[in-house]
Amino acid sequence: MDSIDKLLAQLQTEFQEVQPQQQQLKSATAKSFIPSSPKSASFMDNLLAEVKADFAEEDAAIELKKQQELEQERIRQEQLKVKQLEALKVQAKEWLAKVDPLSSEGLWFERFAESYPSKLEAAIEYLKNND
């Protein structure tokens with residue numbers, strides 16, 4: 001029995017020696033994840049601010065690109081409208097040259113054109129609505 005008591009005492013001593021070492025190891029590990037000084041907190045704040053600024057800059061660049069694409073599309077649409085209007089002017093001039101002013105269509109058009117600044121503008125409007 002004496003040998004069992006000695007063995008238990010020895011195990012208890014070893015356990016008591018190992019336990020403080022484990023506590024120290026746990027606290028050292030926990031401290032490594034927690035910023036230890038305001039200096040490192042300030043570094044983290046600066047790093048976070050840089051990342052936020054980078055994202056804001058990227059967002060601004062994306063927004064600018066979208067605005068430029070929208071503006072280019074608007075310009076393209078305006079150019080298309082101008083081309084269509086020019087083509088319609090040519091058609092209107094041809095139609096005005098061919099229409100008989102004494103025909104029913106010609107007489108109707110004379111009345112229709114009274115509300116426009118010119119017969120050409122009236123013919124453009126007439127052809128635009130009848131296409």
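I began with Glu58 and found this residue in helix α2, which covers residues 38-98. A reminder to myself: the model is predicted.

Next I looked up how open Glu58 is. Its relative accessibility is 46%, so Glu58 counts as partly exposed. I then checked its surroundings: Glu58 belongs to a surface patch of negative charge, together with Glu50, Asp54, Glu57, Asp59 and Glu63.

Stepping back to the whole fold, I counted four helices and zero strands. Along the sequence the pattern reads α-α-α-α. Of the 131 residues, 9% are buried. I noted an accessible surface of about 11500 Å², with 58% of that belonging to carbon and sulfur atoms. Among contacts with a separation of 6 or more, 46% come from residues 24 or more positions apart.

Then on to the salt bridges; the whole structure has five.

Arg74 is partly exposed at 43% relative accessibility, and Glu71 is partly exposed at 38%.

I read 43% for Arg76 and 34% for Glu73, so I logged Arg76 as partly exposed and Glu73 as partly exposed.

My last stop was helix α4, residues 119-130, where Lys128 and Glu125 lie three residues apart. Lys128 is partly exposed at 45%, as is Glu125 at 23%.

Definitions and conventions:
Residues numbered from 1 in each chain as written. Predicted model: local features only at pLDDT ≥ 70, side-chain atom pairs only at ≥ 80, totals over all residues. Heavy atoms only, no water. Patch = residues over 30% accessible without salt bridge, like charges linked within 9 Å, V, L, I, M, F, W, Y side chains within 5 Å. Areas by Shrake-Rupley, 256 points an atom, 1.4 Å probe, with all protein chains shown as cover. Salt bridge = Lys/Arg side-chain N within 4 Å of Asp/Glu carboxyl O. Lys, Arg positive; Asp, Glu negative; His and termini not counted. Charge placed at Lys NZ, Arg CZ, Asp CG, Glu CD. Helix = DSSP H or I, 4+ residues; strand = E, 2+ residues; numbered from the N terminus. Buried < 20%, exposed > 50% of the residue type's maximum accessible area, 1.4 Å probe, protein only. Contact = heavy atoms within 4.5 Å.
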